[in-house]
Every structure is written in structure tokens, then in C-alpha cells.
Amino acid sequence: MCGIVGYTGKREAKEILIKGLKNLEYRGYDSAGIAVLDKNRLKVIKRKGKIKNLEELVSKTSFSGSSGIAHTRWATHGVPSDKNAHPHLGCKKRIAVVHNGIIENFESLKKDLLKKGCKFSSDTDTEIISHLIERNYHQNLEEAVRKTVLLLKGSFSLAVISKDEPGKLVGVRLDSPLIVGIKDEEKFLASDSSAFIEDTRRVVYLKDREIAVLTPDSVKVIDFQGRKVSFKEELLSFSKEEVKKGVFKHFMLKEILEQPKVLEKILSYYLKEKDFNLKELTAFRDFFKKLQKINIVACGTAYHAGLVGKYLMEKFLNIPVEVDLGSEFRYKQPTIRKGDLLIAISQSGETADTLAGVRLAKKRGAKILSICNVLGSTLVRESDKVLYTLAGPEISVASTKAYSAQIMVLVILSLYLAKLRRTLPDSLINSYLNLLRKIPSCQLKIVKSKDEIRKIAQKYLNFGAFLYLGRNINYPTALEGALKLKEISYIPAEGYPAGEMKHGPIALIDEYRAVVCIANNSSVYSKMLSNVEEIFARRGRIIILATEEDEQVKKYSRQIIYIPKIKEELSPLITIIPLQLLAYYIAELKGYDVDKPRNLAKSVTVE
Ligand code: F6R
């Protein structure tokens with residue numbers, strides 16, 4: 001949520017900052033701004049709306065400088081507007097600040113600053129930071145920043161420049177990501193390394209309570225007590241091509257189509273020819289053998305992957321699995337305790353509610369295994385063990401490839417645990433592993449029929465509400481299909497377990513209701529078909545997902561999406577593909593900004 005970019009070097013800062021913001025726009029897009037040190041004044045330009053609005057204004061304004069900061073905003077305090085956009089300045093306009101996160105005690109700090117005569121020009125919590133730094137400033141920017149952050153409560157990452165120390169850029173991290181980029185005589189700061197990947201892959205992941213002090217030629221890191229701390233330089237594992245849209249109209253389509261490749265990568269990373277390759281988990285083998293129950297915590301799409309994980313683990317391991325949304329887990333009385341395992345699932349590794357769940361479980365003595373896509377993320381650092389989803393950067397706000405990657409990792413993990421705990425015979429585990437290797441080609445087959453799915457999207461475009469029905473391990477698929485549609489097309493959509501229809505939702509069905517039924521071959525196929533029959537009888541407008549060669553379903557609809565035959569337990573890896581494509585095409589045909597749906601941001605770093 002919100003994207004920060006900072007630069008100090010020899011080149012024109014505004015160009016590098018705008019390029020960085022464009023790469024971070026998925027993090028927030030209600031307003032944006034930049035501040036560049038132009039000779040001895042801070043030139044600040046801010047604009048409501050998308051980054052292209054800011055870019056236009058910057059291109060019409062004459063200024064120049066080789067250090068600066070920039071921000072793309074997802075509003076928390078104060079409506080999206082020019083005045084609330086970052087950067088914010090102090091009264092004397094000597095300090096400029098951009099901020100990601102929330103300052104929880106900003107009201108009392110603001111009251112105090114008002115009493116001292118400070119004049120505020122925005123409604124944000126951030127502006128108090130620039131005023132405080134300016135007041136604490138005595139010819140040493142890092143010291144002024146350090147004194148200020150000690151006064152702040154909440155979560156934040158900051159980038160700060162001062163007109164009195166040209167070329168110096170200070171960054172702070174507390175519960176919100178911030179990464180330093182290093183290139184010969186240039187240094188970068190960003191919420192996500194995709195901001196500067198075109199310039200460098202050398203990075204330092206700041207830890208919580210660290211302050212980076214950058215000049216074109218140097219990197220220094222201190223803690224909140226002012227002590228110098230050592231840092232590790234790492235190399236990014238992805239390339240700049242991966243953050244480009246290429247020939248695709250939207251990142252979302254590119255990412256949906258990438259899924260077969262992602263799954264192949266996961267298979268070759270975590271499986272050997274006839275066995276598992278999970279060295280990461282060796283030290284946990286004894287702990288895994290003794291487990292009595294498993295907890296899973298995640299949010300949104302990752303939560304739906306967690307629900308699939310529950311079905312798999314309960315079936316393969318025969319132990320109870322509780323799945324909670326991070327935002328609920330953190331405030332309930334969780335039963336988790338010492339000796340339990342918490343699996344945290346997150347694409348970004350920065351989701352505030354998931355992290356809060358992890359911290360709570362840790363406090364109670366549970367071990368944390370995370371399934372995460374982002375190297376160096378907070379979740380990865382706070383976990384005992386990590387299984388990476390290896391999906392590469394996911395730029396579209398709506399998560400697609402991360403979802404099937406999470407499920408693939410969960411299937412492999414469940415089978416690995418079944419082998420370790422001897423809850424499934426080896427022959428069955430091997431047959432699952434062989435089938436898993438076929439999943440990428442099954443996904444590819446569906447992806448190839450995307451034009452057919454687009455035609456269905458065209459027919460269903462104007463329905464005012466959608467219902468998605470599934471059963472058993474494909475109930476989470478129904479939830480995820482509905483989430484995809486609502487988040488990018490703004491059509492109300494609900495996922496339901498088909499067996500629950502009679503307990504209320506069937507009242508919704510008439511000829512104006514679109515109903516997507518997941519009726520692949522499975523242990524609940526005939527039950528699902530009875531539910532489809534009930535929808536049909538009430539003239540609901542049905543789209544059916546069925547297994548190739550299923551003739552029976554033709555009775556209910558002409559809108560049939562056929563998927564390859566696969567064992568039920570593995571089917572969520574392929575049933576989700578047509579639902580992602582259906583949602584994508586409906587939103588695309590409606591002309592929406594698919595990759596940046598309104599009100600959303602990719603990485604939910606605030607509660
Ligand atoms: C939906 C979506 C969100 C995320 C959720 C968790 O398409 O992207 O629901 O899945 O915000 O994010 P991560 O996985 O980064 O923890």
C-alpha cells in the first residue's frame with residue numbers, strides 16, 4: 001500500500017523517480033508526487049489520480065536535480081487530492097517526506113505541533129513527520145530523522161531529503177517494506193525492488209527499526225539508537241523483463257497465461273525424479289512427525305489457497321486443520337500453542353493482518369512455516385521455515401499466478417508430510433506426484449481455449465450479479481472465482497458451497513442471475529449436478545465447468561467450459577484457470593483498468 005521511491009546519484013532524478021513510480025503504481029494509484037532538490041530549493045509536484053497525470057505535469061515544469069523522493073498513494077488519512085498527495089514539507093520547506101503506513105498517534109502529535117505554531121497544509125498523518133524532522137534538524141538529517149521516529153507509533157517506511165544536505169537520502173523501515181538499491185555512484189530506495197530493477201539488481205533489505213543513510217557513493221545503516229549496523233548486499237532473483245507487460249494488454253492476462261510455466265518451475269524445484277526435494281524442511285522432520293494439528297493464516301486469495309490446503313491436509317494427513325483470515329485470527333482467542341505449526345500464506349509477505357497472526361502464533365510458541373512469493377519480505381524474515389512460490393513478480397492487483405503457485409506448494413507439502421507421517425501408502429503418493437507433473441499441460445490446454453471463454457464473457461457481461469457454486473475442494477475455487485470477478489469488474493459476486501443453496505441463497509435465482517457451476521468429475525459430481533438441476537429449474541443462467549466428454553451437462557447450458565480430466569484433489573489447480581479468464585475478459589470487455597481496480601492496492605501493509 002503506497003509506493004516509495006528515492007534516488008541520489010548523477011542523473012536527472014525526476015526521470016528515474018517517475019519510472020520507479022510507474023513500476024510501483026500497483027501499490028496505490030489515487031495520487032502521486034515527487035520532490036527534487038533543484039539547486040537550493042525543494043521542488044515539489046503532486047497530482048491527484050494516476051501517475052500519468054503527475055508525469056504530464058512534471059514534463060511541463062522546468063526543474064532539475066540529481067536527488068529526490070517520490071510516492072504513489074493509497075489514501076488512509078485524508079481523501080485522495082493534490083494537497084494530500086505526498087511528499088509533504090515542513091513549515092520552512094527545508095525537509096520533504098514520503099511515507100507508507102499509518103502513524104497511530106498523529107492526532108496528539110499534531111495538536112502539539114499546532115500549539116507550537118506549525119501550519120498544516122494537508123489532512124494526512126504523514127505531514128506531522130516532516131514538521132517534526134524540520135524541528136529536530138540541526139545540520140544532521142539522519143539524527144533529525146532518528147529523533148523523530150522515536151516519537152512515532154504505528155507502522156511506517158519513510159524516505160526523506162533536506163535542502164540543507166544535497167545528495168543525502170534517508171530511509172526508515174518499521175513494519176513496512178523498504179529496500180536499498182546499489183549501483184556504482186547511484187543509490188535507490190523503494191518499497192519494492194521492481195522500482196529500480198531496470199538500473200540495478202544489487203539490494204539491501206532493510207530490517208525493522210533500521211535507518212539507511214545514502215549518498216551517491218555510500219550506504220550506511222544505523223538503528224533507532226543511532227548505532228551503526230552491518231548489512232548484507234543481495235542479488236535480486238528476477239529480471240527486468242518480468243516486470244514488463246510485453247505484448248499483453250494487461251499484466252493480469254500475462255500472469256494468468258504464465259501459470260503453466262510457474263508450476264513447472266515449482267515442480268522441478270521441489271521434486272526430484274521420484275521423490276521430494278525439500279531440504280528446507282529437513283530440520284523440521286521430527287517436529288512434523290509429532291504434529292497434532294495445523295493452523296493456516298492468510299488473507300484474500302491466499303486465504304482461499306489455505307482453504308484448499310485444509311481439504312488436502314485433512315485428507316492426506318488425517319489431522320485437524322484450522323484456517324483463519326489474518327484479520328480474524330489476530331483478535332480471536334486462537335487455540336494455537338507450543339508444538340503447533342502455523343502455515344502463513346502470502347504473495348507479498350507484507351500483509352499486515354497475516355503478519356500479526358504470525359507474531360501472535362510465535363508468541364504462543366508455535367513454529368512458523370511460510371509459503372511466500374517475495375524474497376526478503378517481512379514474512380520470510382519472521383518465519384522459521386519458508387517455501388517460496390517461485391511465481392516471479394506479480395504486478396496485477398488481482399492475484400492469479402500466485403494462487404495456483406500457493407496451491408501447488410500446498411499439494412507438495414501435504415504429500416511430503418503424508419510420506420513422513422506414513423498416512424498414505426508410497427504407491428499412492430507416487431501416483432499423485434506423477435499426476436502433478438501433468439498439471440502444467442492441463443492448464444495450458446485451458447489457456448489455449450481462452451477465446452471461447454471470452455465469447456462467454458461477452459454474453460454474460462451485463463448480468464448484475466453472479467453466483468459461483470462449488471463443493472468440497474472446489475468450494476474455495478468458487479470463492480476465488482467470485483473474488484476475481486468482483487474485484488476487477490465491480491459486479492457483485494458470491495461464492496457458495498452448492499449444498500448450502502437450499503438454506504437461503506436459492507431465493508436469489510431467477511433468469512437475471514448468472515450462476516457459475518463447478519461440476520468437474522469428482523466424488524461430489526452427482527450432488528453437484530442435482531444442485532445444477534435446481535438452478536436450471538428456477539431459470540438461473542448457468543455457465544458450467546465440466547470435465548471433457550461430459551455430455552450430461554449439455555442439458556443445462558450451452559455455455560460449457562471443458563477442462564481436462566484430473567483427480568479431484570488436484571483439480572483446484574485447473575478449475576481456477578477458466579474462472580480467472582472469465583473475470584478478466586468481463587472486466588476487459590467492460591473497459592475497466594483491470595490491473596488497477598478502484599479502491600484496491602496490491603500489498604495491504606496496513607490493518
Ligand atoms: C485478490 C488479492 C488479495 C490478496 C490479499 C493477500 O486478488 O490479491 O485478496 O490475496 O490481499 O495478499 P498477500 O497474498 O500478499 O498476503
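Modeller: A residue is called buried under 20% relative accessible area, exposed over 50%, and partly exposed in between, with a 1.4 Å probe and the protein chains only as cover. This is a predicted model, in which local features need pLDDT of at least 70 and side-chain atom pairs count only at pLDDT 80 or more, whereas totals for chains, interfaces and linings use all residues. Residues are numbered from 1 along each chain as its sequence is written, and side-chain values use heavy atoms, with hydrogens and water left out.

Biologist: How many residues of strand 7 are buried?

Modeller: Strands here are DSSP runs of E with at least two residues, helices are runs of H or I with at least four, and both are numbered from the N terminus. Strand 7 spans residues 154–162 and is mostly covered. The count of buried residues in strand 7 is 8 of 9.

Biologist: How many bridges join strand 6 to strand 7?

Modeller: Two strands pair if DSSP finds at least two bridges between them. Strand 6 covers residues 95–103 and runs antiparallel to strand 7, with Ile 103 having Gly 154 as its bridge partner. The number of bridges that join strand 6 to strand 7 is 9.

Biologist: Which residue in the hairpin of strand 7 and strand 8 takes a positive phi?

Modeller: Strand 8, residues 169–174, pairs with strand 7 in the antiparallel sense over 5 bridges, and within this pairing Ala 159 stands opposite Gly 171. The hairpin has 6 residues between the strands, and the one with a positive phi, near 85 degrees, is Gly 167.

Biologist: Is Lys 502 buried or exposed?

Modeller: The side chains of Lys 502 and Glu 534 meet in a salt bridge of 3.1 Å, N to O. This pair links distant parts of the chain, 32 residues apart, with Glu 534 in helix 18 (residues 525–537) and Lys 502 in the loop between strand 21 (493–497) and strand 22 (514–519). Glu 534 counts as buried at 18% relative accessibility, whereas Lys 502, with a relative accessible area of 54%, is exposed.

Biologist: How far is an oxygen atom of the ligand from an N or O atom in the side chain of Thr 351?

Modeller: A residue is near the ligand if one of its heavy atoms lies within 4 Å of it, and of the 15 residues around the ligand, those that come nearest include Gln 347 and Thr 351. A backbone N or O atom of Gln 347 lies 2.7 Å from an oxygen atom of the ligand, while a polar backbone atom of Val 397 is 3.2 Å from one. For the side chain of Thr 351, the distance is 2.4 Å.

Biologist: Which helices each supply at least two residues of the shell around the ligand?

Modeller: One of these helices spans 300–317 and the other 475–489. They are helix 9 and helix 17.

Definitions and conventions: Salt bridge = Lys/Arg side-chain N within 4 Å of Asp/Glu carboxyl O. Polar contact = N/O pair within 3.5 Å; in protein donor to acceptor, adjacent residues only side chain to side chain.
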